[in-house]
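Please take a moment with the sequence and the model shown here, and then follow the charged side chains through the chain.

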Amino acid sequence: MRVAMIEAGGWGGIAHYAWNLCGALSETEAEVILMTNAQYELDHLPRKFSVEPCFDSNAGYLQTVRTLVRRLSSLRPNIVHVQSLISSRFDAFLWALMRRKIPYVYTAHNVRCHEENRWASWTLWRCLRMADAVIAHTPEAVEEVRQRLGPDGRVKLIHHGDYAFFGSGAGKNRLACRRLLSLPIDAQLLLTFGAIRPYKGICGVIAALPRILKRHPDAHLVIAGPLLAGTEREYREAIARACVRDAVIFRPGYVPHDQVATYFASADVAVFNYREVTDSGALRIACSQGTPVVATAVGGFREFLENGVTGRLVPPHDLDALVQAVCDLLADPAAAARMATAAIGLAASRWIWADSAKATLEVYGQVVGWTPTGSHLLASSRPG
């Protein structure tokens, strides 16, 4: 089974997902070719799968498509697995045409366009509708796709794996990590990590910070991640309104792979004040890295975390509850550490790449009418 894995960006959460899935698939009967960006962030990591750097951010869309078609014609894969679109405007037409020549599976990492963009939403759902199979990572996401596409069996629940490939943050020296990142050595650090977008409620965390500071004067908020929606000015103004300039480290830029675990190891608490979500790579990183978590009880967060056991869950839009939960963890590091340890166990026991790969290989077989010779391995994996 030859698989062409499409991940056009070459950086960020979907690139990290694709790298892990390709690695796990390469341990099965699949020959995997990852088709990704020429500036592939993870090119330095050891791997057992092939990488085709066929996307160029500086090339136009038509040139990019020609390159893709030419490489697929040469590679002759049995199936294409799309992890990310090349264009949220034009791929609706591309994959409708490509499916005439080769079947494709689409992983719906996001089933909602979090910012109002009707064209992007239309493109997403047309690509999902045209796919021979759709993979989603949480029951809520699967249900949402089935409501739109119908219960025809094409939509599969396959769990996301863990993010242990960043290296464990639990055993790292916190002070050394803070020095590496030029963060306050003696502060109690709160971390919001990942792409900065309005639905993640970061301005709400900023608004809550003055009340946290009254109880924990050494607290600082670290905001790290690329600014994908909104403007830097909006966040600077929110910081100024809250009068917390001296307590916020605002770094609106992409965090390289080799710094991710260092940020989480530096933090006392990772805060996820999302308004809504079906899944979150950043939360999975926090759990895999052993960073105590406060999150809103929405979407996948409700599915993953048990309040008081693997993290603290609070109602969305409830700053009183958010402040209380954060302050509780800062005041009781031992309890926070117990929850973080339980979260590591959760990640290690439930988010297993080998299981995800076996289930994905089974989907490929169903689409192309192929039965793995090691089918007994599929039966032994956890039901998904």
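A residue is called buried when its relative accessible area is under 20%, exposed when that area is over 50%, and partly exposed in between. By that scale Glu140, with a relative accessible area of 22%, is partly exposed, and Arg302, at 47%, is partly exposed as well. The side chains of Glu140 and Arg302 meet in a salt bridge, with a distance of 3.9 Å from N to O. This pair links distant parts of the chain, since Glu140 belongs to helix H5 (residues 139-149) and Arg302 to helix H11 (residues 299-304), 162 residues apart.

The model is predicted, with a mean pLDDT of 91 for the chain and 95% of its residues at 70 or more. Over residues 375-384, however, the pLDDT is below 50, and this stretch has 13 contacts in the model beyond near neighbours in sequence.

Across the whole structure, a search finds 13 salt bridges. One of them joins Glu27 to Lys48, whose closest N and O atoms are 3.0 Å apart. Glu27 lies in the loop between helix H1 (12-25) and strand E2 (31-37), while Lys48 lies in the loop between E2 and strand E3 (50-55), so the pair ties together parts that are 21 residues apart in sequence. Glu27 is exposed, with a relative accessible area of 54%, and Lys48 is exposed too, at 65%.

Another salt bridge is formed by Asp320 and Arg211, with the closest N and O atoms 2.3 Å apart. Because Asp320 lies in helix H12 (residues 319-331) and Arg211 in helix H7 (residues 202-215), this pair ties together parts that are 109 residues apart in sequence. Arg211 counts as partly exposed, at 35% relative accessibility.

Conventions: Residues are numbered from 1 along each chain as its sequence is written. This is a predicted model: local features need pLDDT of at least 70, side-chain atom pairs count only at pLDDT 80 or more; totals for chains, interfaces and linings use all residues. Side-chain values use heavy atoms; hydrogens and water are left out. pLDDT is the predictor's confidence in each residue, from 0 to 100. Contact means heavy atoms within 4.5 Å. A salt bridge is a side-chain nitrogen of Lys or Arg within 4 Å of a carboxyl oxygen of Asp or Glu. Helices (H or I, at least four residues) and strands (E, at least two) are DSSP runs, numbered from the N terminus. Buried means under 20% relative accessible area, exposed over 50%, partly exposed in between (1.4 Å probe, protein chains only).
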